[in-house]
Amino acid sequence: MPRDSPSVVLVGRPNVGKSTLFNRMTGSRRAIVAPIAGTTRDALARPVVWRGVAFQLFDTGGLYGESEDPLHELVVAHGRRAIIHADLLVLIVDGREGLIPGDERIARELRETGHPVLLAINKTDDKRSQKSSMEFFQLGFDPVLEISAEHGTGVYELLDEIVEGLRAKGLALKHGTRSEASAESPQPLALSPDKADTETRVAIVGRPNVGKSSLVNRLLREERVLVSDMPGTTRDAIDAPLLWHRRHFRIIDTAGMRRPGRISRGGKVEMVSVALAKEAIADADVVALVIDAQEGAADQDAAIGGEADRAGRGIVVIANKWDLVKRADHTFVQAFDDTLRHGMRFLDYAPILHISALTGERTTRVLETIDKVAAARRMRIPTPALNKFIESVTAANPPVSPGRKHVRIMYAAQIGVAPPSFVFFTNVATTFHFSYQRFLVNQLREHFGFLGTPIRLQVRRRAK
């Protein structure tokens, strides 16, 4: 668990509204909310600042209670680990249902941890909860707060009590200054400008059951996310910070992405999970596309890679489970890579890594390669060096336009990074032939070393 700030953990039975409260308190929509017990599996974590005090808020899967989720026992074990490392606990109960044995069992276990516990009675906006709310006082926790996570009632008071509880433990360290007016709306903790510039967001994506969560745990060196042989184990997009060789990363584990037809048959939870995975791709600096080395690249792998390419993200292709397919013959690796490249020809610029998340084989190269791709994505070429390069390239291979007119590149400039973007001013053309544009991209990549990043080109006719 990250220990750079105090940790506050939301605990409770399945479907009492923990994820709704988590989203409300963090000002985000990171936790999937659905009227299905066991929707949340992993322990989500997001930073929160309230009245100048920063803390990490954790949303856990539902503990105890009835659940048809086949991974429920794993979810409970994962939630207990989060509780052990907590500084303060918030027990969420359902005011509509009243006090039930599951709440009492959780209360006993939380009391045994020795951590301070706040009791939040959720759904108190419902008339049915007015009579049953008094039952929860027999649990013996103080204070007891009545809230409505859905409508925000009582949430600010709960945040106040959390800050007071952290202060009582000497953990409420100030994080900057905020006016009372700004504190009336809970917001996620913003990164400082220095850290925002240096942190690399890495989305781990791929089809179900290719080993994404195993890779995340291997990189973080802890059991941060659930791992199971059952496809679709991960639902929420789980992110965690990582410091490696003085480099700041944020590793984001995403749900497996199936073909659209299968997603629609998977129900609301899977549809939201895949939407969060796509959002993670859009927000990432580098996308690590994990494929199953036993199965090779499938059409869906190419579709996921295409989405990352269109979004302009850096890409690393990771062939996982390499321990199950590797051969002593050195030609096997080349044949494997050639087949993979053939299935994803538009990702010919993406480096391929052969690893085993299970055994740790070559996983040390993953962050090293991601760091290089992130640097290449932000690289800027000086204009004189760029034009000198273009002059030498076009002298040997002059450009042509689709209209077969004689084209001369007058001037070139880099107009952006992340991804690297260039504009070429010509005498007549407003576009290059697609083959020549591909030639220019390959030459730029070979000469300047734009490893693993898409390159964008624009062509403009210079005004007379």
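Reader: In the hairpin of β14 and β15, which residue takes a positive phi?

Author: Ala418, with a phi near 55°; the hairpin has four residues between its strands. Before going on: this is a predicted model, where local features need pLDDT of at least 70, side-chain atom pairs count only at pLDDT 80 or more, and totals for chains, interfaces and linings use all residues. Residues are numbered from 1 along each chain as its sequence is written, and side-chain values use heavy atoms, leaving out hydrogens and water.

Reader: How many bridges join β14 to β15?

Author: Strands pair through backbone hydrogen bonds, parallel or antiparallel. Here β14 (residues 409–416) and β15 run antiparallel, joined by six bridges; Ile409 has Thr426 of β15 as its bridge partner. Pairing takes at least two DSSP bridges, and strands (E, at least two residues) and helices (H or I, at least four) are DSSP runs numbered from the N terminus.

Reader: What about the link from β15 to β16?

Author: That one is parallel, again with six bridges, and β16 covers residues 456–461. Val423 is partnered by Gln458 there. Five of the six residues of β15 (421–426) are buried, so this strand is largely enclosed by the rest of the structure. Buried means under 20% relative accessible area, with a 1.4 Å probe and protein chains only.

Reader: And in the open sheet of six strands, which ones stand at the edges?

Author: The order is β9-β10-β8-β11-β12-β13, with mixed pairing. β9 (238–244) and β13 (352–354) each have a single partner strand, so one side of each lacks a neighbour in the sheet. Further in, β11 (286–292) and β12 (314–320) run parallel through seven bridges, with Val290 opposite Ile318.

Note on methods:
Buried < 20%, exposed > 50% of the residue type's maximum accessible area, 1.4 Å probe, protein only.
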